[in-house]
Structures are given as C-alpha cells and as structure tokens.
Amino acid sequence: MEGIRGPEGRSWGSLLGRANALLVLVVVVVDLGSGHPQCLDFKPPFKPSRPLTFCVQYSDFGCCEAQRDAALLERYYSVSGHLDQAAYATCASYLQDLLCQECSPYAAHLYDAEDPSTPERTLPGLCRDYCVQVWQNCRSMFQYLTSDEELLSLENNLAKFCRYLSLDDPDYCFPHLLANERLNQNLGLVTADSEGCLQLCLMEVANGLRNPVAMVHANDGTHRFFIAEQVGLVWTYLPDQSRLEKPFLNISEAVLTSPWEGDERGFLGIVFHPKFRFNGKVYVYYSVEVQYEERIRISEFRISPGDMNSVDHGSERIILEIEEPASNHNGGELLFGDDGYLYIFTGDGGMAGDPFGSFGNAQNKSTLLGKVLRIDVDNNDYGPLYRIPPDNPFINEPKARPEIYAYGARNMWRCSFDRGDPYTKEGKGRLFCGDVGQNKFEEIDIVEKGKNYGWRAREGFSCYDKKLCMNSSLDDVLPIYAYPHKMGKSVTGGYVYRGCEFPNLNGLYIFGDFMSGRLMSLKENRATGEWQYNEICMGKGQTCMFPGLINNYYQYIISFAEDEAGELYFMSTGMPSATAPNGVVYKMVDTSRRAPPGKCRVEPLLVKVKSRLIKFVPKEKLIVKIPTQRPKVKATARTPTRSRATAEPPRASTPDWMEELLTLLRNENRMQMTTAAPKTKAPKPRKGGRTGRRRGQRRRNKPTSIPSQPRNGAVRLMNGSAKGRDRGRVEIFINGEWGTVCDDLWTSKAAAVVCRQLGYTFVIRATKKAEFGEGRSLPILLDDVQCTGQEKTLLECSHADIAKHNCSHKEDAGVICSHEDVFESEQ
C-alpha cells in the first residue's frame with residue numbers, strides 16, 4: 001500500500017476542507033420517483049426458494065416464502081368461507097389481490113411500514129379507482145378481512161373509506177404500481193445511477209480502531225473475526241459484534257511503526273492455518289528493527305492452551321525475515337491457498353523506481369523482495385521451519401530463490417483467493433492482487449505460478465523503464481485492469497464476492513483506493529475474457545433507508561475482508577495514523593435483492609470466553625439528502641432538515657460536518673459571503689467561476705502603469721470565461737515567475753487554500769468537479785500538494801521541491817471558487 005499514508009490531522013483547515021467537499025453532498029435531492037423495494041420485515045425482497053402456489057405473481061421476486069404463501073392461502077379460505085356463492089364469484093380476485101400484497105416487493109410502502117417505529121396498516125394502500133370498484137362490489141368482505149375498527153366504521157361512506165385506504169405517495173398505490181415503469185424497469189437489479197455507478201449500502205460492524213489493516217476469520221465454525229491494528233494488536237470479535245476486552249495478540253512492543261501519517265511499517269498481515277482447529281497455528285507479518293536494521297518478519301504463533309481467544313505469546317517462532325532497504329513498500333499479505341501452502345507478498349524494498357541493482361529487486365530472482373513467495377509450513381514442529389513446495393517454478397533455476405512463486409511486483413497490497421461460484425465453482429482458486437503503482441497507474445493482477453508482473457519495466461499497461469520494457473525476454477503478464485492517478489494513487493485489493501446474502505453481487509471483484517477513497521468493481525465477461533469496470537457509490541435517495549444501514553464511510557480505504565460465510569467487508573479511517581482511533585469496519589450490503597430468509601443462516605459453534613465483553617455501539621449515521629431550494633441570498637446559516645430516520649442528532653464522536661462547518665464560519669469573524677479579496681500588494685488575481693468583479697477591473701487607489709511584484713505563493717486562476725479545458729487552472733507565483741500547479745489528485749483541502757487566499761470561503765466543485773487544463777506556456781513549479789486547508793499559501797502545504805515533479809501539463813490542477821451556494825445533483 002503506498003503505504004498507510006494520507007492527509008494531515010483534523011485541524012480547523014482539515015475540517016473546513018472536508019466540510020467543503022461535503023457541502024455538495026448534503027444538498028443532493030432525493031429521487032422520490034425511484035423504486036425502493038422493501039418487505040414488511042424491513043429487508044430487501046428476494047426470489048423464493050421454490051415457486052409460490054397462491055401468490056404466483058411473486059414467484060420470481062417478492063417478499064414471501066412458501067410458508068407465508070401457504071398462510072395467506074389459509075386466510076383466503078377463511079375469509080371466502082363467509083361469502084355466499086355470488087359474492088365469492090365477484091370478490092375472489094379482489095380478495096386474492098389484497099392478501100397477496102404482503103408478497104409484493106413494495107410491501108413496506110403498500111402497508112406504510114417503512115419505519116419500524118410506526119404501526120403498519122392492516123390493508124395495503126389502494127389507488128382510488130380500484131378502491132371504488134372494491135367498495136362498490138365487495139365492501140361486505142372487509143369485516144372478515146381486517147380488525148381495523150376505524151376503517152370498518154367508514155364502510156358505508158365511499159369517499160372517507162377510500163381516503164382512509166389511500167397512500168401519501170400515489171406512486172406506490174395498488175394496482176397502479178404494477179404498471180409504473182420507473183418502479184419496475186430495473187426491479188431486483190443493483191441500483192445504478194445515470195453514469196453506471198453501482199449504489200450499495202453499508203453496515204457498521206466495528207469502530208474506534210487504530211488503522212485496522214486486516215480482518216480475518218479462523219475458519220473453525222465459530223464465525224469469530226479478528227481485526228489487526230497497525231500498532232500490533234489483534235482483537236477478537238464474536239458473531240454478535242461484541243469485542244473481547246483482552247486482545248487476541250499483542251506484539252506492539254516488537255512492532256516497528258510510528259504515529260506519523262503515512263508510515264507503511266507496522267503489523268501488516270495475519271492468517272490462520274487451514275487446520276487451525278486441530279493445530280492452533282496463526283501466522284503474522286510485521287515490521288521489526290534488529291540491530292538498527294529494518295526487516296519484515298513472518299512468525300508463527302500457537303493458540304493458548306487455556307484460552308481459545310488468546311495466543312501463547314511465548315510460542316513465537318520466526319519463520320522468515322527479509323531485510324528492508326527502505327521504510328516503505330513493505331508488502332504485508334499472508335494467505336493460505338487451496339493447496340495448503342503459505343503465500344507471502346513482499347514489496348520491492350522501497351524508494352521510488354525500484355533503484356536496487358541494475359534492474360531492480362522485483363526483476364531479480366535472487367532476492368525475495370518484490371515477489372509472491374510460496375512455502376510449506378506443515379509438519380514443521382521438527383526439522384526445518386518451512387519447506388519448498390516441489391512444484392515451485394524456479395526451484396531448479398540457478399541463483400533463483402526457490403521460495404519464489406511469481407515476481408515483478410512493486411508493492412502488492414491486499415490479495416485474495418476466489419472461493420469460486422457457489423454452485424459451479426467457476427473461478428475457484430484465482431489469486432487477485434492490487435499492486436500499487438509508481439506515479440501514473442494502479443493495477444489489478446491475477447497472479448499465476450511462475451509469471452512476471454512487469455515492475456519496474458512496466459507500470460500498469462505502460463512502460464516505466466523503457467529499456468527494460470523493450471527487452472524481448474521480459475515476457476510479463478499485463479494486469480486485468482489499470483487506472484490512472486486521476487482516479488486514485490494507492491490501490492487496495494479486494495475480493496470476488498461469493499457470499500450468500502446478496503446474489504446480485506456474485507462474481508463481482510470489489511476493491512478500492514486508499515488515497516481517493518473510491519470503491520470500484522470489475523466483472524468478467526466470460527465470452528471475451530475482458531473485465532468490465534463500474535464504480536461503486538453510496539446509495540442515494542431511499543436506497544439505503546433500511547434499519548441499521550448507512551451510506552457514508554471514511555475515505556482512506558485500508559483493507560478488505562471476508563467473514564467465514566463469505567460476506568464482504570472493508571476497513572477505512574478518517575486519519576491514516578497508526579495511533580489514531582478513527583478506523584471503522586463496514587459490511588457491504590446490496591439492498592436491491594437478498595437471499596431467501598433462512599438460506600444464509602449460520603449456527604456458530606460455542607466460543608468459551610474468559611474476558612469481559614465490550615458491547616458494540618454503532619456511531620455512524622445514514623445521511624439523508626432532502627430536496628433543497630436554491631436560496632435567494634448568497635449565504636445561509638440553515639442546515640438541511642432530516643427525515644425521521646435521522647432525526648436523532650449524531651453522537652459526539654461522529655461529527656456532523658455540515659453543522660461544524662457552519663459553526664466555524666459563524667465564528668470566523670462572522671464574515672459575509674461577499675467578502676472581497678484580502679488587500680495585498682499583489683494585483684487582483686484572475687478568477688474562474690462566479691466572481692464579483694470583471695476581469696481586468698482596476699483596483700482603487702492603485703496605479704496600473706507600474707504593477708507591484710506579487711508575493712511568493714500568490715495564486716491566480718485561469719479566467720472563467722475562457723473556452724476549453726483551461727477554465728479554473730491554478731497558477732502560482734514562485735521566485736519571480738508564474739507557473740502552474742500540477743497535481744493529479746487535487747483535493748478540496750488544497751482548493752480551500754487557493755480559494756481562501758482569493759477571498760472566498762466556500763470551495764465549489766473542488767476535487768471531483770475540478771477543471772484540469774494544460775498550461776504549456778508556463779513551467780510546472782509545484783507538484784504533489786498535500787494541505788490541511790488552514791495554510792495561507794500552497795507553499796506552506798507539504799509538496800515536492802519547487803519545479804521538481806513527475807507529471808505533465810495535462811494534470812495541471814484546477815478549481816472553481818465561488819462566494820455563492822451552489823447546489824449539485826451528483827456526488
């Protein structure tokens with residue numbers, strides 16, 4: 001992982017920067033016209049495990065299993081038994097329709113039961129024309145169909161009766177919803193926005209962690225999961241999400257790491273032996289210092305004989321140590337394959353460009369760095385600590401290390417074996433890895449025995465070392481997918497989803513990016529062998545309005561995980577420091593379709609606990625975006641109202657960024673949104689976007705014939721009226737000349753510095769809406785800018801040396817500043 005690194009601490013400027021980015025998110029309008037399938041148990045619909053016999057129209061997708069279908073049929077017989085032959089002939093179809101709406105994928109809407117805290121209706125909501133028909137022909141049957149006394153009292157008043165059975169949202173009334181194309185055209189499919197971004201939701205399962213780098217299970221039937229922190233502690237979580245107070249493993253005294261953000265050293269990996277239930281062995285991967293020499297260490301521990309939730313710390317045996325020439329690119333993954341062998345994923349040794357030797361560590365098969373290693377640790381209680389599998393590819397090659405399984409890796413951060421399709425087992429055993437790039441591309445590889453993955457000759461699909469790249473003997477394997485640094489700067493490999501609960505996700509490889517916070521997916525086209533990319537975004541509108549679900553997460557995606565049942569999780573943090581307790585573990589949820597009730601039920605084996613249990617308390621909240629009218633004034637001190645699902649204010653440990661931003665803005669001199677640019681000796685900078693003055697307007701009391709020299713760090717923006725790609729490009733004055741700022745991951749915090757320097761409080765369209773131009777007439781003076789948001793100039797932010805860069809003009813940074821509230825319709 002280019003390493004566990006990221007932005008500065010959550011200072012005033014950091015808060016402003018993050019809140020500015022969230023300004024755009026908070027005002028997105030809810031799409032009330034989009035479908036929100038939900039059953040009466042407050043969960044998504046499903047395909048019944050076998051066809052229904054009574055409510056047959058919902059056999060492919062709905063809210064009833066065969067048992068509930070049979071119960072509705074019994075109720076049908078009970079009610080129809082009170083009807084004479086003529087009434088039965090007239091009312092039977094109406095009766096069946098009314099009863100079967102419990103099986104509709106929109107049952108919660110029909111019965112006004114979306115909120116668990118409110119009582120549901122006894123009858124579904126009916127469209128007025130249909131209600132009139134039922135009332136005119138069959139109103140006598142309602143006395144046998146419902147116990148709602150208020151409704152029965154209205155039986156003889158058509159208008160009041162049908163008004164009582166109407167819904168506040170007419171889109172969902174029966175039977176018109178059956179013909180509503182907006183609701184039904186993609187029913188049961190993963191919700192996607194207009195750009196194809198798959199909308200998923202999250203469930204918070206753990207919090208308060210210090211850079212959670214790994215989450216694993218023991219595959220022993222207990223369905224516990226173990227979460228490792230970078231500082232060297234591993235915690236045990238039970239299936240009910242409670243945590244044991246005593247850590248499972250604590251080697252924090254031995255682990256080499258530090259509190260500074262971006263330190264890639266530390267506790268990096270953990271895996272349980274496939275036969276853990278019988279041999280009690282656990283393997284860990286961590287950084288250590290031995291006589292002033294930094295190393296990565298692979299160690300074996302045994303479980304404590306007296307406590308199944310704690311290792312015997314005196315049982316450590318060092319399996320393998322590898323010297324690390326630099327403090328970064330430490331690798332960190334450990335996996336057991338279906339073959340029973342231990343796979344170890346090492347980085348190339350650190351520094352930029354793998355500068356070791358004539359062609360780098362990754363291409364050098366006489367070193368273990370930049371490799372995928374495979375060793376046999378079975379039956380190692382006597383004799384060697386590990387053996388070489390007899391089919392390792394370079395076992396007979398002179399000077400090659402026999403442990404090597406594959407090579408040419410830069411810094412593979414998070415790999416996983418595909419469990420295979422639950423039914424056909426297609427794809428089983430494929431090894432997916434995310435390999436962090438140098439300065440242009442991140443890549444996803446499928447690792448195979450004996451293959452070369454190209455680094456440092458190649459980065460992604462492009463040549464990095466052109467001389468090596470043109471070498472005909474390279475014979476490297478290209479990635480299945482690579483993305484540029486405009487999308488992210490540090491890939492975090494994930495998993496192919498093979499869980500039970502969300503069948504629509506089956507076969508989807510889900511991964512992320514540590515720096516940009518993007519969640520992404522790949523789906524293989526079996527016919528062509530190509531991989532289709534779709535971004536994953538958090539559900540908008542009503543998509544995530546299910547009890548216990550949220551639609552937001554901390555940006556810095558550290559790792560992914562599977563639980564024992566194959567469900568998918570990821571870990572992220574708001575501050576990537578090994579000592580900052582801001583890490584959260586999220587379970588990924590698809591609300592478009594679930595498995596039939598009971599199909600995915602697990603019965604964990606008993607866990608004997610000898611430590612106090614700490615109950616899990618979720619802290620994150622669903623963010624509901626409601627319709628907001630564009631205000632007529634330039635500033636607003638009002639926060640958006642929330643729906644009843646989020647009426648409770650967030651806990652103190654989970655700040656409401658909008659509230660904090662507005663509080664800070666009120667306290668910062670209570671300035672108006674029309675604040676003019678600060679008076680400096682520099683001429684008024686040119687601005688893009690909505691500005692209060694025209695370009696070229698003269699400053700009062702200043703002669704125009706002799707302009708004063710700008711100060712070091714002064715910025716200006718390319719004129720907003722210009723056509724083409726140059727709109728809003730950031731230009732900076734350093735050491736007597738104007739140049740451009742080149743940064744392929746421009747953030748809202750850096751944008752905040754620019755816009756505040758120009759006199760505007762809000763940063764609009766920063767980051768994702770930034771404009772990138774090509775200032776070919778200007779030198780590139782600044783690159784790799786990382787700001788907290790409180791600096792006075794970009795020169796005060798951390799950055800590469802002046803005029804030192806590894807980018808091109810096509811990555812010139814840009815931003816649009818505004819003193820007006822701007823309302824966006826997309827995240």
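User: What should I know about the model before we start?
Analyst: It is predicted, so local features need pLDDT of at least 70 and side-chain atom pairs count only at pLDDT 80 or more, while totals for chains, interfaces and linings use all residues. Residues are numbered from 1 along each chain as its sequence is written, and side-chain values use heavy atoms, with hydrogens and water left out.

User: How many helices and strands does the chain have?
Analyst: There are 13 helices and 34 strands. Helices (H or I, at least four residues) and strands (E, at least two) are DSSP runs, numbered from the N terminus.

User: How much of the chain is buried?
Analyst: Of the 827 residues, 56% are buried, meaning under 20% relative accessible area with a 1.4 Å probe, protein chains only.

User: OK, helices. At what angle do helix 2 and helix 3 cross?
Analyst: Roughly 150°, and the axes of helix 2 (residues 66–80) and helix 3 (residues 85–100) come within 10 Å. Axes are lines fitted to C-alpha atoms, for helices over the stretch in contact, and angles run from 0 to 180 degrees between N-to-C directions.

User: So which way do they run?
Analyst: Helix 2 and helix 3 are therefore roughly antiparallel, a label for angles over 145 degrees.

User: Which residues touch?
Analyst: Leu72, Arg75, Tyr76, Val79 and Ser80 of helix 2 meet Tyr88, Ala92, Leu95, Gln96 and Leu99 of helix 3. Contact means heavy atoms within 4.5 Å.

User: And which residues of helix 3 meet helix 5?
Analyst: Thr90, Cys91, Tyr94 and Asp97, against Tyr130, Gln133, Val134, Asn137 and Cys138 in helix 5.

Methods:
Angles under 35 degrees count as roughly parallel, over 145 as roughly antiparallel, 65 to 115 as roughly perpendicular and the rest as oblique. Buried means under 20% relative accessible area, exposed over 50%, partly exposed in between (1.4 Å probe, protein chains only).
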